[in-house]
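This report works from the whole chain down to single residues, and it is meant to be read with the structure open alongside.

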Amino acid sequence: MIGRISCCIHGECVMTRTNRPKAQHYVPQFYLRNFATKNRKHYSIRCFDKSTGKAFTSNVKNVSQQNYFYDFKLENGEEASIEELLSRVETNSKPALSRLLEKPTRECLEQNKYVLTNFVYIQEMRSLVFRENYIEMITSLNSRFKQKLNIDSPILEVPTQNDAKEFQAMFLIEETEEVTRILGKMKWVLFHNETNKPFWTSDNPIFHHNINISNSHGNYGLLCPGVQLFFPLSPALALIICDPLAYGKIPNEIFADEEDVEFQNRGQIVSSKQYLFASEGDFSLAKMLLEKRPKLSDPNRLRYRFR
């Protein structure tokens, strides 16, 4: 078990027992509604399950969530959760994102960039994939040590699910200032989509890309030369956050063609754990790519490996 996390951030208590919802979303509902259709009482979103190859329609409140996803126990047995902390982040982020979608201009982006930077960071770190990557990293390190040192017993203790929840909470709290500082210094580009094909999103909506080929896993970090982050905000708008040295001269606003939209949607297919989400029900691109790369259909596929 990792050490006890700080119980406060900016004076706000992390541990709480007050009316936490049972269903806790790792992709916010207010964000997913941008890709959904509003019905009388709820928002419906088109979904694609990569593991089964089936498309379906669901209520936004029923996707990208697990029961008590952010609740865990500290070493001393106390119950803790960051669900209410994340709810406050969402409350602050929702108006900023709405303003940008209503007026997708460079001026509006700059006016709301501070809040959006925090939103991007939180979304990166709150996901199910981030938590699983932590466990995979420890497992992969143990495997590497075993090979290099010719030992049988693991050097590092493999974290339990509760350990991983606590690590995720600690990372979200303690690294916010540093990571948002890095994100804020990167190049931010508005990626407009006026084609007939919508941007998709997923259960892990921020995907990393790098044109620089690397033989190691570590080519997608925020400080890696050439790194790009793609984050769809709606079917018609996405953010590109990229290395300011490599891409400093590209325009602040780019209009996507159909090939660009396909590239972004392919990124969602690759980065997602299991589910894709869209405003329309045509997932033929996903079916085609999964036929060529069937390992992407496995939600438990290995993502983290040291070479």
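A disulfide is taken here as a pair of cysteine sulfur atoms within 2.5 Å. By that rule the count in this predicted model comes to zero disulfides. Cys-224, for instance, is in no disulfide, and the nearest cysteine sulfur, belonging to Cys-242, is 14 Å away.

**Overall fold**

The protein chain is built from nine helices and 16 strands. Its radius of gyration is 20 Å, close to the 19 Å that the globule rule gives for 307 residues, so the chain is as compact as a globular protein of that length. Along the principal axes, the C-alpha trace spans about 55 × 45 × 40 Å. Of the 307 residues, 49% count as buried, while the accessible surface of the chain comes to about 15900 Å², with 51% of that area belonging to carbon and sulfur atoms. Where contacts between residues at least 6 apart in sequence are considered, 74% join residues at least 24 apart.

Leu-116 lies in helix H3, which covers residues 106–126, and it is buried, with a relative accessible area of 2%. Once neighbours within four places in sequence are left aside, Leu-116 is in contact with Ala-96, Leu-97, Leu-100, Leu-109 and Trp-188. The C-alpha atoms of Leu-116 and Gly-184 are 9.5 Å apart in space, although 68 residues separate the two in sequence.

Ser-234 has its place in strand S13, residues 227–234, and is buried as well, with a relative accessible area of 10%. Under the exclusion of neighbours within four places in sequence, the residues in contact with Ser-234 are Asn-34, Phe-35, Leu-101 and Phe-199.

**Aromatic rings**

One of the contacts of Ser-234, Phe-35, also belongs to an aromatic cluster, in which ring pairs link Phe-30, Tyr-31, Phe-35, Phe-119 and Phe-231. Across the whole structure, a search finds 19 aromatic pairs.

Tyr-68 lies in the loop between S7 and strand S8 (71–73), and it is partly exposed, with a relative accessible area of 40%.

The accessibility values of residues discussed above are collected here.

| Residue | Relative accessible area | Class |
|---|---|---|
| Leu-116 | 2% | buried |
| Ser-234 | 10% | buried |
| Tyr-68 | 40% | partly exposed |

The classes in the table rest on a cut-off: a residue is buried when its relative accessible area is under 20%.

Note on methods: Residues numbered from 1 in each chain as written. Predicted model: local features only at pLDDT ≥ 70, side-chain atom pairs only at ≥ 80, totals over all residues. Heavy atoms only, no water. Helix = DSSP H or I, 4+ residues; strand = E, 2+ residues; numbered from the N terminus. Buried < 20%, exposed > 50% of the residue type's maximum accessible area, 1.4 Å probe, protein only. Phe/Tyr/Trp six-rings, centres within 6.5 Å; stacked < 30°, edge-to-face > 60°. Rg over C-alpha atoms; globule rule 2.2 N^0.38 Å. Contact = heavy atoms within 4.5 Å. Areas by Shrake-Rupley, 256 points an atom, 1.4 Å probe, with all protein chains shown as cover.
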